[in-house]
Amino acid sequence: MKQSRFKRTFLVVMDSVGIGEAPDAEKFGDKGAHTLGHIAREMNGLNVPNMEKLGLGHIDSNMEGVEKAANPIGHYGKLPELSNGKDTMTGHWEIMGLHIKEPFQTFPDGFPDELIDMLTEKWGRGILGNKAASGTEIITELGEEHVKTGKLIVYTSADSVLQIAAHEDVVPLEELYEICETAREMTREGKYMLGRIIARPFKGEPGAFERTSNRHDYALKPFGRTVMNELEDAGYDSIALGKISDIFDGEGVTKAIRTKSNMDGMDKLVESMDEDFTGLNFLNLVDFDALFGHRRDPKGYGQALEEFDARLPEVLEKLKEDDLLIITADHGNDPVHHGTDHTREYVPLMVYYKGIKEGKELNVGNTFADIGATIAEIYDVKKPSIGQSFLNQL
């Protein structure tokens, strides 16, 4: 195996942390969206000194409290999405080199009766809901009826997703997972093809229901080979932290580690930095999106960003001389934008390794896949058909 100076690459996706409307934002109904900028405004200034040092303030000046570091320690830039979509799977798949031309199908008005009838016949349980909804709100609304009747709570979102919520004392986890697997098989292709089926177990009493960490995603397999497949086939490590393995349905994953929260994800990342491996360590921090973006909570989102930023010194300290750190996002989710949907935005790009003499703006192209192309070049594996490597700029 031949590779560049970097032995280990740590790729951190801050789920939904967009940095301003993309050139085609209007086409997606997202003109004026700016996840980071609007959060900073609502916070009366965002306190993220470590990302500031990495060059965040140089990427966009419309973020209150985020200054341009006089001597940034990292390289920086921003990337637009090439694929036709703004969801989690599209963003992550593009990062790893896939161009998704047809957006995943969504059902903003709920699922058709035909599909629901087929599912309930297979499940042997009735359903409640069948609408687009917030996951926390719908269990507050329907959780008590679910507990009394045993009917499953089925809902969707602006994503291509069918979510099934059930109380763990009413529907055992094993049964809920089997239910989701059945739904996955029935929506893998054809007119009801969905990006993800998600198990959403919860516990508690009426008025105090809480989702548990036993969520499980059942995603479609990527529509083509990704850089992760190339790494695995070439004998490199491709370690997935958080929901990365779910997003790629295990494709190109040599080791998967689940996480319970952003801070647990950071704990797992820091722990993994003590491991000897060669290749990619890929982390998704989902709380930004799930807990704050979709719930339109800019202050909670801002606090989560500040908590993440406060953990970065641990990561930078643990990096070895031949390690590379890349921090980015997969789409936007502006918490002051209309609705509860993702937003079509640029994503930030911050790159760090020990030995950078002077941080500079990276000359990047028109796709998230520049990241995958760079990783492919680092490990001398087949590059994706889209994206341009910025390795020579490092």
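Me: By class, which residues make up the lining of the largest cavity?

Reply: Rolling a probe the size of a water molecule over the atoms shows where empty space is left. On a 1 Å grid over the protein atoms alone, a cavity is a set of points where a 1.4 Å probe fits but cannot get out, and lining residues have an atom within 4 Å of a point. The lining here has two nonpolar, two polar and three charged residues; Ala, Val, Leu, Ile, Met, Phe, Trp, Tyr, Cys and Pro count as nonpolar, Asp, Glu, Lys and Arg as charged, and the others, Gly among them, as polar. The lining residues are Asp87, Met89, Phe104, Asp159, Ser160, Gly195 and Arg196. This is a predicted model, in which local features need pLDDT of at least 70 and side-chain atom pairs count only at pLDDT 80 or more, while totals for chains, interfaces and linings use all residues. Residues are numbered from 1 along each chain as its sequence is written, and side-chain values use heavy atoms, with hydrogens and water left out.

Me: How much space lies in the largest cavity?

Reply: The largest cavity holds about 40 Å³. A volume is the space filled by probe spheres set on the grid points, which are joined across faces, edges and corners. The count comes to one cavity of 30 Å³ or more.

Me: Which residues does the UniProt annotation "binding site" cover together with Asp289?

Reply: UniProt positions are given in the numbering used here, feature names are shortened, and annotations may be inferred rather than shown by experiment. In the unreviewed entry, one such annotation covers Asp289, His294 and His342. These residues are spread over 54 residues of sequence, yet their largest C-alpha distance is 8.5 Å.

Me: Is Asp289 buried or exposed?

Reply: Buried means under 20% relative accessible area, exposed over 50%, and partly exposed in between (1.4 Å probe, protein chains only). Asp289 counts as buried because its relative accessible area is 4%. Its place is in helix H11, residues 287-293; helices (H or I, at least four residues) and strands (E, at least two) are DSSP runs, numbered from the N terminus. His342 lies in the loop between strands S12 (323-328) and S13 (347-352), and is buried with a relative accessible area of 0%.

Me: What joins the side chains of His342 and Asp289?

Reply: A polar contact is a pair of N or O atoms within 3.5 Å; within protein, one must be able to donate a hydrogen and the other to accept it, and residues adjacent in sequence count only if both atoms are side-chain atoms. His342 and Asp289 are joined by a polar contact of 3.3 Å.

Me: Which residues does the other "binding site" annotation, the one with Asp15, cover?

Reply: According to the unreviewed UniProt entry, that annotation covers Asp15, Asp330 and His331. Although they span 317 residues of sequence, the largest C-alpha distance is 7.2 Å. Asp15 is buried at 0% relative accessible area, and His331 is buried at 1%.

Methods: On a 1 Å grid over the protein atoms alone, a cavity is a set of points where a 1.4 Å probe fits but cannot get out, and a pocket is an open set with protein on both sides within 12 Å along at least five of seven lines; lining residues have an atom within 4 Å of a point.
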